[in-house]
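The tour goes from one selection to the next, through sheets and then cavities.

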Amino acid sequence: MRKVLLPTLVIITACLLMVRLFYLQIIDDSFKLKSENNAIKIKYDFPERGYVYDRYGKLLIANQPSYDIMVIPREIKEIDTTEFCSLLNISKEYLITKMKKARVYSPMLPSVFLPQLNKLEYAAFQEKIRRFSGFYIQKRSLRDYQVDYGANVFGFITQVNENIIKKNPYYSGGDLIGKQGIEESYEKYLRGQKGVKYLLKDKFNREIGSYKEGKYDTVSEQGNDITLTIDGELQKYGEELMVNKWGGIVAIEPKSGEILAMVSAPNFDPALLVGRQRSKNYTLLYNDSIAKPLYDRGLLAEYPPGSPFKILTALVALQEGVIDENTTFFCHHGFSYARGRFMRCHCSGGARQLFNGIYQSCNTYFSNAYMNTINKYNSPAYGVDVWSKHLKSFGLGTFMGCDLPIGKRGKIPTSKTYKKLYPNGGWRSTAIVSNAIGQGEVLMTPIQLANMMATVANRGYYYTPHIAKKIKGELIDKKFRTKHVTTIESKYFEPVINGMNAVYGPGGTASGLEVTGIEICGKTGTAENYLKINGKRVKLQDHSIFVAFAPRENPKIAIAVFVENGYWGKRWAGPITTLMIEKYLRRKITKVDFEKRMLVGSLKDQYNKLYPTKHQDSIAILNSKVKDSIARSKRGNDSIIEKPLKEKKLDTIKKK
């Protein structure tokens, strides 16, 4: 048996090898294709990216033609470098540097030598391209923004780097990929599928036809169009209102979780990140560490929520049964909660129940409600965890899970938080009472504040906020169609909403901000603002906050507005909230005095006081560069006109 086994194994192995060789050499010519690579040129056909529309079908992003000069180092013969550099308006240093990079990438494969030529440059080079062997033109498409707003929502397109190429075999050197915003989140839908053509070359390196009559060629497929949940007109209006202010606006449709507007200020024209100047413009924006125009405050900025958080304090206290609508606390223009500890209150003082406690924003009332919630349990640690669990059912203290690639958790403290802060123990509700009014260890992002309002508007449930409404040929992710129910019973929302509606009435903290015919429920907010300067904790100007939803019944919009260093809620965030709500519901503005004040109003003097160090504002610099770019485009030197940043919008006021 042993004598037969070994010869049998040898024969079987030999047969398998012969079958494999026959398959590779006769049936499958893919390896032959690779072996004949010297005589074959691979040419990619890049599809157009999918178009992007707003919720009403308005075109936001289209495409425009662009031309890249590609290089295959091994195919370069002797060329006149002086003529070459002069023709492309580049230096010899640029030529040398790019050639070194191309050889490192691959001497046999094409890589981008000079990206994004305009039409005149393309025509001039195409006329003389035969003199420069190893170089050829690759046509692509770049983004063509139809609007000058929404940069933080859209993101931008950039070339892939080596790490991306290693991770994803779809991409090769010089390919474009979406970064940030929807361009990154929905890259696999927007990019489409690139086509490939294999072309035969003769000994003079000239194309002489398709390899194997196009047997291995593939056709490119255009990217999927995407319809966003964004209301383009509302987004633009929000950015105009936030000119010369820092902060964020997030508006959500409560019944669906669709994001209607997501403003981050300061903002910039998305066209700045298209074309030959994209890299320089991006660097300038990135290096502005003061205004941070690339920092999406709506998703990333974690702020103390201030008085709007009192809404949640009340709801948790009602659910825990430690207060009801008639529970009364007396306010003596503040709250003495421990020996030598006094929390001031700006309400008129006197007896406070839930209703007037909300519309007059009484610190005393909500501090007592919070302490009663914690003190209901024998252990303050257990009480804090119960309170924290309720809040997390609103989506707080964790990533919202929206369909944009960035975000922050915010912070909802638990007993673990205070075990770290007080390692020796001994802490009680009095030590953490500032949580009651949205200070202390509580942090929220503007999108979390807006989602909180959507949840209140729905009387206890929400859908995960998202920005894609429809993808051509695809369904949106199931998680955006899943209802999330809070731990607060729906019956407790109505008394809180009663107080929020009265905020706009006589004696309310938003009195004067109401709109005739629209029943708005809201809450003003003023959050203390501290910053470490030279190692010291310094008190700065307070933040202005406002949250609201409207109309009261069958609500259509929930919104959060945050204006950094904006004094108090009613001064800046309140009027902006009112204008955004009326704009969305009526498509016109009746409070024109508010509008004018918000459009021309500026907090730049306030910001300059905070940062006395002289620095160049990236927005001002880019405005100057943009004017030069527009002038050049009129002379026919640029194919892509870079539109100016919205640093000032006085033209909007003139039209009105």
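Predicted model: local features only at pLDDT ≥ 70, side-chain atom pairs only at ≥ 80, totals over all residues.

Two strands count as paired if DSSP finds at least two bridges between them.

**Stop 1: the five-stranded sheet.** Now widen the selection to the whole open sheet, whose five strands follow the order S12-S11-S22-S21-S20 with antiparallel pairing. Strand S12 (258-265) and strand S20 (521-533) are at the edges; each has a single partner strand, so one side of each is left without a neighbour in the sheet. From one strand to the next, the twist averages 10°.

**Stop 2: a helix on that sheet.** Select residues 493-502, helix H19. Helix H19 lies across S20 and strand S21 (536-550), and runs at about 80° to S20.

**Stop 3: the three-stranded sheet.** Another open sheet has the order S1-S8-S9, again with antiparallel pairing. Strand S1 (40-45) and strand S9 (207-210) are the edge strands, each pairing on one side only. Here the twist averages 40° from one strand to the next. Select S1 together with strand S8 (residues 195-201) to see an antiparallel pairing over six bridges. Which residue in S8 is the bridge partner of Asp45? The partner is Gly195.

**Stop 4: the largest cavity.** The model has three cavities of 30 Å³ or more. The largest holds about 170 Å³ of space. To display its lining, select Phe46, Pro47, Arg49, Arg140, Ser141, Tyr170, Tyr171, Asp175, Leu176, Glu187, Arg191 and Lys194. Colour these by class and the lining divides into five nonpolar, one polar and six charged residues.

**Stop 5: the second largest cavity.** About 70 Å³ of space lies here. Its lining consists of Gln116, Leu142, Arg143, Tyr145, Phe156, Ile157, Leu273, Val274, Gly275 and Arg278. By class, the lining has six nonpolar, two polar and two charged residues. Which strands each supply at least two residues of this lining? They are strand S5 (135-145) and strand S6 (156-159). The largest share, three residues, comes from S5.

Key. Residues numbered from 1 in each chain as written. Heavy atoms only, no water. 1 Å grid on protein atoms, 1.4 Å probe; cavity = no way out; pocket = protein on both sides within 12 Å on 5 of 7 lines; lining within 4 Å. Points joined across faces, edges and corners; volume = space filled by probe spheres on them. Nonpolar A, V, L, I, M, F, W, Y, C, P; charged D, E, K, R; others polar. Helix = DSSP H or I, 4+ residues; strand = E, 2+ residues; numbered from the N terminus. Axes fitted to C-alpha atoms, helices over the stretch in contact; angles between N-to-C directions. Contact = heavy atoms within 4.5 Å.
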